[in-house]
Amino acid sequence: MKTLIVINLVLMIALRAVAQEKILLYPEGIPNSKGENSEEYQKNIPELFIYKPTVADKHVGILVIPGGGYAHVAIGHEGHDVARELNKNGYTAFVLKYRLPSDQIMKDKKIGPLQDAQRAMQLIRENQQVLGVDIRKLGVMGFSAGGHLASTLSTHYKKAYIANDLNTDLRPDFSILCYPVISMDTTITHAGSRKNLLGPNPEKEDEILFSNELQVDKNTAPAFLMSAKDDKAVPVENMYRYQRALQKYKIPNEVFTYENGGHGFGLNNKTSEVKWLAPCLTWLEKLK
């Protein structure tokens with residue numbers, strides 16, 4: 001409890017300093033780090049942006065994880081824009097700026113992004129009063145490589161890769177995966193995401209561990225899955241493999257596909273007048 005009080009005090013100071021919009025994920029030191037004095041380290045300080053509803057609060061929070069192939073964070077159209085739209089629908093949104101996997105600033109780059117995603121879940125659940133939110137259900141939404149990170153968060157919830165003294169639940173209550181990288185299988189993966197996360201010649205056990213369709217179990221979070229069938233960057237088979245794994249365990253899921261649209265379009269697929277977020281939120285409203 002003493003640890004939580006200290007974190008709360010640090011968070012309160014941080015929140016006042018940024019007008020309740022942005023906080024550091026690790027005010028007392030970033031785990032799994034090295035090269036702290038480097039320019040790359042300074043560019044990769046993980047942060048969380050807080051967006052509160054602009055209409056009646058549904059008391060549901062969504063951790064938004066932008067994509068970028070684990071090479072950059074597309075925090076604009078797959079982060080801040082999404083958060084603002086969620087606010088208009090009554091949802092609290094938290095946009096995650098996570099560390100990009102790097103051997104230069106991480107002792108083990110494979111787990112760096114997952115640590116940040118787990119820390120965001122932990123921070124939100126442990127510090128709602130300080131953050132000024134009332135979250136009764138907390139899920140995750142990820143795009144592209146951010147979809148891989150979101151599905152990793154949803155399937156690797158049994159092991160905490162961060163200090164978790166209060167044994168806080170790090171599993172999201174639901175996941176929304178948008179044109180997601182799911183698998184590290186070379187026949188369907190996004191080669192850039194795989195290389196950036198696991199390196200050019202990963203061990204087979206790491207390829208399996210981070211192929212999240214193979215990590216689904218009976219307690220994996222329900223999922224809404226969205227992609228375009230003509231996606232050349234991240235084949236739609238990624239999404240279908242995850243769906244089949246969910247169905248094996250009878251986990252609630254829904255798939256929304258576009259015939260066209262390619263990859264990386266965020267909220268707005270210019271080839272269609274249909275906005276995928278509407279059926280997504282309808283699904284979420286019905287989710288028990």
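I begin with a definition: a residue is called buried under 20% relative accessible area, exposed over 50%, and partly exposed in between, using a 1.4 Å probe and protein chains only. This is a predicted model, in which local features need pLDDT of at least 70 and side-chain atom pairs count only at pLDDT 80 or more, while totals for chains, interfaces and linings use all residues. Residues are numbered from 1 along each chain as its sequence is written, and side-chain values use heavy atoms, with hydrogens and water left out.

Let us apply the definition at once. Ile208 has a relative accessible area of 38%, so this residue is partly exposed. Ile208 belongs to helix 8, residues 204-209; helices here are DSSP runs of H or I with at least four residues, strands are runs of E with at least two, and both are numbered from the N terminus. Leaving aside residues up to four places away in sequence, Ile208 touches Leu214 and Gln215, where contact means heavy atoms within 4.5 Å. Met184 is 24 residues from Ile208 along the chain, and their C-alpha atoms are separated by 7.2 Å.

Now to the whole protein. The secondary structure comprises 10 helices and 8 strands. The radius of gyration is 18 Å, close to the 19 Å that the globule rule gives for 288 residues, so the protein is as compact as a globular protein of that length. That radius is taken over C-alpha atoms, and the rule is 2.2 Å times the number of residues to the power 0.38. Along the principal axes, the C-alpha trace spans about 50 × 50 × 35 Å. Of the 288 residues, 57% count as buried. Among contacts between residues at least 6 apart in sequence, 78% join residues at least 24 apart.

Which residues line the largest cavity? They are Tyr70, Lys110, Pro113, Leu114, His148, Leu149, Thr152, Leu197 and Phe210. A cavity is a set of points, on a 1 Å grid over the protein atoms alone, where a 1.4 Å probe fits but cannot get out; lining residues have an atom within 4 Å of a point. Helix 4 (112-126) and helix 6 (145-155) each supply at least two lining residues, and helix 6 gives the most, with 3.

Helix 4 also holds Gln115. Is Gln115 buried or exposed? Gln115 counts as buried because its relative accessibility is 3%. With residues up to four places away in sequence not counted, Gln115 touches Tyr26, Pro31, Asn32, Arg99, Tyr161 and Ile162.

Finally, I turn to two loop residues. Asn167 is placed in the loop between helix 6 and strand 6 (175-178). Its phi is near 55°, a positive value in a residue other than glycine. Asn167 is exposed, with a relative accessible area of 64%. Lys250 lies in the loop between helix 9 (237-248) and strand 8 (253-258). For Lys250, phi is near 60°, again a positive value in a residue other than glycine. Lys250 has a relative accessible area of 75%, so this residue is exposed.

Key:
1 Å grid on protein atoms, 1.4 Å probe; cavity = no way out; pocket = protein on both sides within 12 Å on 5 of 7 lines; lining within 4 Å.
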